[in-house]
Amino acid sequence: MTSATPSPSTDPASEITSSGRWWRLVAAAAVFGVLTVGAFLGSDDHFPFGPFRMYATSSQATGEVAVVALQIKSEGSDWTLVRPSPGTVGMNVAEFEGQLPRFEEDPDLLAAVAASRSALHPDEPAWTDLRIVRQATEVVDKVPTGEVVETVLAQWSTAPDDAETG
Amino acid sequence: MSATTEAEPAPRVGTGTRVAAALSRWWFTPVPRARIAAFRVLIYAFLPLDVLVLRPWGAAHGYVDADLYRPLLIGRVLPLPTPTPTLVHLVQYGAVGLSAAIVVLIAMNRAPRVQTWLGAGIFLLYLEWMLVSFSYGKVDHDRFAFLVALAVLPTAGRAALRDMAPSPSAGWALRMVQVGVVATYFLAAIAKVRYGGWAWANSTTIARAVIRRGTMLADPLLQLPWTLQLSQWFILTLEFASPALLFMRQKFQQYAVAFLVSFHVVTFLMIRIIFMPHVVCLAAFLPLERILNRKTA
């Protein structure tokens, strides 16, 4: 079982040349060196060498837990809730959250969401109005109260004179 | 080390040289070629499952409006094309097709050079698939070891499922995956301290995850916040201790891998999150050659 040192006599073909050893050691040092620097200083933009920050943020014991969702209107319909997903608009909730500052700054970017919907579902009625809402669940001392507060973060409409209603 | 005079004089080798030699021995610890062959089959057979079933979302990005495309650094530097339906499906089914082909070649022990080129192609297609998946506002961090595996597997040379000859290049490839697995845990702990601070351990991060995506098994725990807090301490400890995995004896490594797999399964049962590509890479710690080669003695 333990053949601790590779001896060339037993199996010459299994040996690697010294240059083969060198580039492998350099590659190992480079990959894990850059990854370590990325963990301390990098960001998601540096994928695959960015920090592994899944579930890395701290949240308070009392406050709220928020998710974003979409509300849409098509010709003649009322506001309907749509959970962002690859199947509905090609992007999931986390991706909307990642681009939230863009939507808040420029609500017309929601037109691109409506366009994505049409590209994915060409046979269904196009969305005429779209808004991103934030649904916050209150948490008191780490236990959710069950109370949900909804806020509109960005709104877009094909009809520009649409009256805004809360 | 001790002050007493040794009968045998210590060889005059510098500490640097000895460290280099030890490092080199560790990185190139030979493993049977059958092990790398079995690991290749596992990785390349898993890839279609990942791309078609577990995470097919990249394909939907082909339909998303270009205004929502936020290319990552690599995508901007190269520069990679903005995803279209044709591009995403070419990448998706290309990676699947090449993976199927390479599994067949490994099983038949044919065309090792073609295997190398297929492996390199699969790595590039999968990397592009990742860039397409992560260029719309969210980057996942669950598959670094898998990417490392795809990158290093073509470098390990010819390997048959029943070839028990020891190979240092196969040893290096598996070591890279092992370090990739451990780095994922360890650097995830570093990220928690960087972003969440040490307060992360006492925060409500898991409670949030349970509220957002908890299962029947996890939801009752919301009423017992200390259990979730305890599991945060446990996770942080586990992640910081993970480098020990690299230096254990093989037998203990197997227990540790079994333990880690069950940790990931329990996480899945609680909050429906499992890092499958990463879990598959845990197999880099196992003597996979034994599946097909029973000990004869």
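Two residues are taken to be in contact if their C-beta atoms, placed from the backbone, lie within 7 Å. By this criterion, 53 residues of chain A are in contact with 56 residues of chain B. The structure is a predicted model, in which local features need pLDDT of at least 70 and side-chain atom pairs count only at pLDDT 80 or more, while totals for chains, interfaces and linings use all residues. Residues are numbered from 1 along each chain as its sequence is written, and chains are lettered from A and ligands numbered from 1 in the order in which they are written.

The largest share, nine residues, comes from α1(A). Residues were also sorted by class: Ala, Val, Leu, Ile, Met, Phe, Trp, Tyr, Cys and Pro count as nonpolar, Asp, Glu, Lys and Arg as charged, and the others, Gly among them, as polar. The side of chain A that touches chain B has 30 nonpolar, 15 polar and eight charged residues.

Chain A itself contains four helices and four strands. From the N terminus on, its elements follow the order α-β-β-α-α-α-β-β. Of the 166 residues in chain A, 27% are buried, a residue being buried if 20 or more other C-beta atoms lie within 10 Å of its own, exposed if 12 or fewer, and partly exposed in between, with C-beta atoms placed from the backbone. Among the contacts in chain A with a separation of 6 or more, 53% are accounted for by residues 24 or more positions apart.

The four strands of chain A form an open sheet in the order β2-β1-β3-β4, with antiparallel pairing; two strands pair if DSSP finds at least two bridges between them. The edge strands are β2 (80-82) and β4 (143-157) of chain A, each of which pairs on one side only. From one strand to the next, the twist averages 35°. In general, strands of a sheet pair through backbone hydrogen bonds, either parallel or antiparallel.

Each pairing in this sheet can be followed in turn. Three bridges join β1(A) to β2(A), which run antiparallel, and A:L70 has A:V82 in β2(A) as its bridge partner. Five residues lie between the strands in the hairpin of β1(A) and β2(A), where A:G76 takes a positive phi near 80°. Strand β1 (residues 63-74) of chain A also pairs with β3(A), in the antiparallel sense and over twelve bridges; here A:I72 has A:L130 in β3(A) as its bridge partner. Strand β3 (residues 127-140) of chain A pairs in turn with β4(A) over eleven bridges, again in the antiparallel sense. In β4(A), A:V149 is the bridge partner of A:A136. Helix α4 (residues 110-120) of chain A lies across β3 and β4 of chain A and runs at about 110° to β3(A). Axes are lines fitted to C-alpha atoms, for helices over the stretch in contact, and angles run from 0 to 180 degrees between N-to-C directions.

In chain B, two helix pairs were examined. The axes of helix α8 (residues 168-196) and helix α10 (residues 225-241) of chain B come within 7 Å and cross at roughly 130°. The helices α8(B) and α10(B) are therefore oblique to each other, since angles under 35 degrees count as roughly parallel, over 145 as roughly antiparallel, 65 to 115 as roughly perpendicular and the rest as oblique. In this pair, B:Y185, B:F186, B:A188, B:A189 and B:K192 of α8(B) meet B:L236, B:E239 and B:F240 of α10(B). The contact has six nonpolar, no polar and two charged residues.

The axes of helix α6 (residues 112-134) and helix α7 (residues 144-152) of chain B come within 8 Å and cross at roughly 150°. The helices α6(B) and α7(B) are therefore roughly antiparallel to each other. Their contact is made by B:I122, B:F123, B:Y126 and B:L127 of α6(B) and B:L147, B:L150 and B:A151 of α7(B). By class, this contact has seven nonpolar, no polar and no charged residues.
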